[in-house]
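Biologist: I'm new to reading folds. Could you walk me through this one, a question at a time?

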Amino acid sequence: MWEKLNKKFKKYPARMNVAWKMVELGLRIDEDNKIFCGDLKINDVALANAANVDRRAVKSTVKTILEDEQLSNIFKNIIPAGTLLKNIAKNLGLGVIEIEVGDENTGILAEASKLISAEKISIRQAYASDIELENNPTLTIITEEPVKGNLINKLLKINGVIRVSIY
């Protein structure tokens, strides 16, 4: 998808900003050129402000996307991922593990899950940032309870893990 978007908008950085922001926020486009987050309608000005572009860039981005069958099918079917508990985990008595990953990132979630499970701790959420969107992609795991610091060294031994933070 990113390759297609880059090709489509390489001469239009403002439009690329809009498309990137739409993916980041889980915004979809309907048949009437309207933008939604779930069932909440998002106006062009609000999206333009969030993407730091003029509102006309939003309209032209939507038009361009809907004219392309592949992109249209993608953007008509985007669903927001929901609440990430990371920033409120402490208030809820949950634990957070952030794992920064490198280019070699196959199997990190599986290995981390095994290590957490071995500690008899349940996982509430797992969220991996898109390696094409982030300079330093991370895997964020929310656990049923805070984990102990000794898990850091075990997680650091997983192939492809660069850094681990637990809080």
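**A covered strand and its sheet**

Modeller: Let's begin with strand S4, residues 95-101, which is mostly covered, as seven of its seven residues are buried. Buried means under 20% relative accessible area, exposed means over 50%, and partly exposed lies in between, using a 1.4 Å probe and protein chains only. Strands here are DSSP E runs of at least two residues and helices are H or I runs of at least four, numbered from the N terminus. Keep in mind that this is a predicted model, where local features need pLDDT of at least 70, side-chain atom pairs count only at pLDDT 80 or more, and totals for chains, interfaces and linings use all residues. Residues are numbered from 1 along each chain as its sequence is written, and side-chain values use heavy atoms, with hydrogens and water left out.

Biologist: Which residues of S4 point the other way from Gly95, Ile97, Ile99 and Val101?

Modeller: In a regular strand, side chains alternate between the two faces of the sheet. Gly95, Ile97, Ile99 and Val101 take one side of S4, and all the residues on both sides are buried. Pointing the other way are Val96, Glu98 and Glu100.

Biologist: In what order do the four strands of the open sheet come?

Modeller: Two strands pair if DSSP finds at least two bridges between them. S4 has six bridges to S6 (residues 138-143), running antiparallel, and five to S7 (residues 161-166), also antiparallel. In S6, Ile97 is partnered by Ile141, while Glu100 stands opposite Arg163 in S7. The antiparallel order is S5-S6-S4-S7.

Biologist: Which strands stand at the edges of that sheet?

Modeller: An edge strand here has a single partner, so one of its sides is left without a neighbour in the sheet. The edge strands are S5 (123-128) and S7.

Biologist: At about what angle to S6 does helix H7 run?

Modeller: Axes are lines fitted to C-alpha atoms, for helices over the stretch in contact, and angles run from 0 to 180 degrees between N-to-C directions. Helix H7 (residues 108-118) lies across S4, S5, S6 and S7. Its angle to S6 is about 25 degrees.

**Cores and a loop**

Biologist: How many residues does the largest nonpolar core have?

Modeller: A nonpolar core is a set of buried Ala, Val, Leu, Ile, Met, Phe, Trp, Tyr and Cys residues joined through side-chain atoms within 4.5 Å. Those with the most contacts inside the largest one are Leu5, Val18, Met22, Ile35, Leu47 and Phe75. Helices H1 (2-9), H2 (13-25), H3 (44-51), H4 (55-67) and H5 (69-75) each supply at least two of its residues. The core has 22 residues.

Biologist: And how many residues are in the other core, which lies apart from it?

Modeller: Its members include Val101, Ile121, Ile141 and Leu155. The number is 15.

Biologist: Is Pro80 buried or partly exposed?

Modeller: Pro80 is in the loop between H5 and helix H6 (89-92). It touches Leu25, Gly26, Cys37 and Gly38, not counting residues up to four places away in sequence, where a contact means heavy atoms within 4.5 Å. With 29% relative accessibility, Pro80 is partly exposed.

Biologist: What distance separates the C-alpha atoms of Pro80 and Cys37?

Modeller: Along the chain, Pro80 and Cys37 are 43 residues apart. Their C-alpha atoms are separated by 6.5 Å.
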